[in-house]
Amino acid sequence: FGCIDQDRDGVIKKQDLKETYAQLGKLNVKEEELDEMLNEGKGPINFTVFLTLFGEKLSGTDPEDTILAAFKLFDPNGTGFVNKDEFRRLLMNQADKFTAEEVDQAFALAPIDPTGNIDYKSLCYIITHGDEKEES
């Protein structure tokens, strides 16, 4: 999401898509194509909507296993949970380095228990199947 949200305002807009395509070397993207992408969100495309759309695009494959395997790297004891604070630290200091706001957006849908642990199995389900709370 952070790679596409070029202006870092928390919403993917047409200009964000144009700039993302330009970085990938595609400079002449049709306006209609961009509009069609944005219309899939049925409103502003924030992180939550992006996850839902991305999950829909992945249906028919087996991404849940892949996502679970990635989370298991941070769960050596196989508890099904990762500590929210430790995961925040990793997201903000490794690889693409999320901002605090991006982490907050990512955690907005995450099932976090009272002790501060993320139930990543449930989160993987939300990512791949959508969030019932959003749909109602």
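A reminder before I start: the model is predicted.

Aromatic rings first. A search of the whole structure turns up five aromatic pairs. Take Phe1 with Phe47. Their ring centres are 5.4 Å apart and the planes stand at 90 degrees, so this pair is edge-to-face. Now look at where the partners sit. Phe1 is in the segment before helix 1, which covers 14-23. Phe47 is in helix 3, residues 47-58. That puts the partners 46 residues apart, and the pair links distant parts of the chain. Buried or exposed, Phe1 and Phe47? Phe1 is buried, and Phe47 is buried too.

On to Phe74 and Phe87. This aromatic pair is also edge-to-face, at 5.5 Å centre to centre with 75 degrees between the planes. Phe74 lies in the loop between helix 4 (63-72) and strand 1 (81-83). Phe87 belongs to helix 5, residues 84-93. Phe74 has a relative accessible area of 42%, so Phe74 is partly exposed. Phe87 comes out at 11% relative accessibility, so Phe87 counts as buried; the cut-off for buried is under 20%.

Which residues do ring pairs link into a cluster? Phe71, Phe74, Phe87 and Tyr120.

Tyr120 takes us to helix 7. This helix runs over residues 120-129. Its buried residues are Tyr120, Leu123, Cys124, Ile126, Ile127 and Thr128. Keep the helix repeat in mind here. An α-helix has 3.6 residues a turn, so residues three or four places apart point the same way. Now the ends of helix 7. Asp119 caps the N-terminal end, with a side-chain oxygen 3.3 Å from the backbone nitrogen of Lys121. Just after the helix comes Gly130, with a positive phi of about 95 degrees.

Next, charges. Side chains of opposite charge can pair when their charged atoms come close. How many salt bridges does the structure hold? It holds 11.

Start with Lys13. Lys13 forms a salt bridge with Asp9, and the closest N and O atoms are 2.3 Å apart. Lys13 also pairs with Asp16, where the closest N and O atoms are 3.7 Å apart. The accessibilities are worth a look. Lys13 has 32% relative accessibility, so Lys13 counts as partly exposed. Asp9 is at 39%, and therefore partly exposed as well. Asp16 has a relative accessibility of 2%, so Asp16 counts as buried.

Now Glu31 and Lys14. Their salt bridge has its closest N and O atoms 2.9 Å apart. Glu31 is in helix 2, residues 31-39, and Lys14 is in helix 1. They are 17 residues apart, and the pair links distant parts of the chain. Glu31 has a relative accessibility of 33%, so Glu31 counts as partly exposed. Lys14 is at 24% and is therefore partly exposed.

Last stop, helix 6. This helix spans residues 100-107, and Ala106 is in it. Ala106 shows 14% relative accessibility, so Ala106 counts as buried. Phe1 comes back here. Ala106 and Phe1 are 105 residues apart in sequence, yet 9.6 Å apart in space, C-alpha to C-alpha.

Glu102 is in helix 6 too. Its relative accessible area is 13%, so Glu102 is buried. What does its side chain reach? A polar contact of 2.7 Å joins the side chains of Glu102 and Arg8. A polar atom of the Glu102 side chain also lies 2.7 Å from the backbone nitrogen of Thr99. Leave aside neighbours within four places in sequence, and Glu102 is in contact with Gly2, Arg8 and Lys97.

To recap. Phe1 pairs edge-to-face with Phe47. Asp119 caps helix 7 at its N-terminal end. Buried Glu102 makes a side-chain polar contact with Arg8. That is the talk.

Notes:
Residues are numbered from 1 along each chain as its sequence is written. This is a predicted model: local features need pLDDT of at least 70, side-chain atom pairs count only at pLDDT 80 or more; totals for chains, interfaces and linings use all residues. Side-chain values use heavy atoms; hydrogens and water are left out. Rings of Phe, Tyr and Trp (its six-membered ring) pair if their centres lie within 6.5 Å; planes under 30 degrees apart count as stacked, over 60 as edge-to-face and the rest as tilted. Helices (H or I, at least four residues) and strands (E, at least two) are DSSP runs, numbered from the N terminus. Buried means under 20% relative accessible area, exposed over 50%, partly exposed in between (1.4 Å probe, protein chains only). A polar contact is a pair of N or O atoms within 3.5 Å; within protein, one must be able to donate a hydrogen and the other to accept it, and residues adjacent in sequence count only if both atoms are side-chain atoms. A salt bridge is a side-chain nitrogen of Lys or Arg within 4 Å of a carboxyl oxygen of Asp or Glu. Contact means heavy atoms within 4.5 Å.
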